[in-house]
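Student: I would like to go through this protein with questions and answers. Could the structure be put up before we start?

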Amino acid sequence: MRLPQSLISNPLFQYHRVSDLLAALDGEIDYQEASEIQRLSSLGLPPITSANCLAAIFGVNPKFIWSLCNRRSRHYRHFSIPKGRGMREIHAPRVGLKLIQKWLSVRLSQFWGEREGVYGFVAGRSHVDAAAQHCGSDWVLSCDIENFFPSTSELFVIQSLEAIGYNHSSAALIASLTCYQGGLAQGSPLSPVLSNICFNFLDIKFLALRESLPGAYTRYADDIVFSGHGELPEDLLEKVRNCFEGTPWCIADNKNYKAIRPNRLKVHGLLVDGDKPRLTKGYRNKIRAYSYLVDNKKITKHKSIILGHLAYAEFVDDYNK
């Protein structure tokens, strides 16, 4: 779903100035809410203070906003997609809700910007950028978070939005627009930026832990990676696990990975034991076979998948150039 350019560029969508929004809401809000709208706007945050305010921004009936927050199951489609050897359940928002989620995602992403060590869901950053931070290391340790989005509880989302400047009622309203069945909806375009905002305090802890190594720390969505020189600290994984105490998340122990030279080191499927991230030998062999099929017009099925692999290999090669 592509957002209209006006929706991306205008922080108030229907209105060009806060004063225009306040004029439209005249008689529907009190002085305190008007002051709150001005305060949030001055911070660069989307000024979502109530259902009436959000309805005015999008030009919809406030009853529709109420329905989005209180009858959530009506506004999501449910299906499953393959994930590894299992399946991932997706809760995809329907058009009306998705439009609001996309707008909030753009606005909150612009407010939040880039953070040290964070490469997932950040414009202009990729997993290849994250892998490059670990090039030339002597060891790598990585771990994943179990069910990252669904386990990010609605209460934790509210608390995290309060931490960046929203009051409780505004934070609860925004959380209700992207949380489903108690956590961030897997399929909402707003979930990625909210997950980064929620995880910020742990990113800070892990960056401090990195300083004690010394080495590198990156996070790409729910994939946490440490690397360093010399010997791999035996207690590093336990220190990482301890940081999760009191949070809604836990480590998926079946996905822990560690590698020490002279064994090959991989981050996000890329080799990082040299000065640049590169494809594995096995993957390059696959790419050569795919290239042969394409050049000789021998593709009979799975064409889009094969072309996707070729495009990915070209992306990595271009990155290194």
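Tutor: Two points come before the questions. This is a predicted model, in which local features need pLDDT of at least 70, side-chain atom pairs count only at pLDDT 80 or more, and totals for chains, interfaces and linings use all residues. Residues are numbered from 1 along each chain as its sequence is written, and side-chain values use heavy atoms, with hydrogens and water left out.

Student: How many helices and strands does the protein have?

Tutor: Helices (H or I, at least four residues) and strands (E, at least two) are DSSP runs, numbered from the N terminus. Counted in that way, the protein has 14 helices and ten strands.

Student: What percentage of the residues in the protein is buried?

Tutor: Buried means under 20% relative accessible area, exposed means over 50%, and partly exposed lies in between (1.4 Å probe, protein chains only). The protein has 321 residues, and the buried share of them is 48%.

Student: Which residues of helix H4 are buried?

Tutor: Helix H4 covers residues 51-58, and six of its eight residues are buried, so H4 is largely enclosed by the rest of the structure. H4 is followed by Gly59, whose phi is positive, near 70 degrees. The buried residues of H4 are Cys53, Leu54, Ala55, Ala56, Ile57 and Phe58.

Student: Is Ser50 buried or exposed?

Tutor: Ser50 sits in the loop between helix H3 (31-43) and H4. Contact means heavy atoms within 4.5 Å, and Ser50, leaving aside its neighbours within four places in sequence, is in contact with Glu33 and Leu173. The relative accessibility of Ser50 is 16%, so Ser50 counts as buried.

Student: Which residues is His75 in contact with, leaving aside its neighbours within four places in sequence?

Tutor: His75 lies in the loop between H5 and strand S1 (76-83). His75 is buried, with a relative accessible area of 11%. Leaving aside its neighbours within four places in sequence, its contacts are Phe64, Ser67, Leu68, Ala92, Pro93, Arg94 and Leu97.

Student: At what angle do the axes of H5 and H6 cross?

Tutor: Two packed helices are described by the angle between their axes and the distance between the axes. Axes are lines fitted to C-alpha atoms, for helices over the stretch in contact, and angles run from 0 to 180 degrees between N-to-C directions. The axes of helix H5 (residues 62-70) and H6 come within 11 Å and cross at roughly 90 degrees.

Student: What is H5 in relation to H6: roughly parallel or roughly perpendicular?

Tutor: Angles under 35 degrees count as roughly parallel, over 145 as roughly antiparallel, 65 to 115 as roughly perpendicular and the rest as oblique. The crossing is at roughly 90 degrees. The contact is made by Phe64, Ile65 and Leu68 of H5 and Gly96, Leu97 and Ile100 of H6. The angle therefore makes H5, in relation to H6, roughly perpendicular.

Student: Which residues of H11 make the contact with H6?

Tutor: The axes of H6 and H11 come within 9 Å and cross at roughly 35 degrees. From H6, the contact is made by Ser105, Leu108, Ser109 and Trp112. From H11, it is made by Val193, Leu194, Asn196, Ile197 and Asn200.

Student: Which elements do the buried residues of H9 pack against?

Tutor: In helix H9 (residues 154-163), the buried residues are Glu154, Phe156, Val157, Ile158, Ser160 and Leu161. Just after H9, Gly165 takes a positive phi of about 135 degrees. The buried residues of H9 pack against helix H10 (168-176), strand S4 (179-180), S5 and H11.

Student: What volume does the largest pocket have?

Tutor: On a 1 Å grid over the protein atoms alone, a pocket is an open set of points where a 1.4 Å probe fits, with protein on both sides within 12 Å along at least five of seven lines; lining residues have an atom within 4 Å of a point. Grid points are joined across faces, edges and corners, and a volume is the space filled by probe spheres set on the points. For the largest pocket, the volume is about 950 Å³.

Student: Which residues lining the largest pocket are the closest to its centre?

Tutor: The strand S2 (86-93) is one of the elements that give two or more residues to this lining, and S2 gives the most, with four residues. Of the 33 residues that line the largest pocket, the closest to its centre are Lys83, Arg88, Asp144, Asp222 and Lys255.

Student: Which helix gives the most to the lining of the second largest pocket?

Tutor: About 180 Å³ of space lies in this pocket. Helix H6 (95-112) and helix H11 (191-211) each supply at least two residues of its lining. The helix that gives the most, with four residues, is H6.
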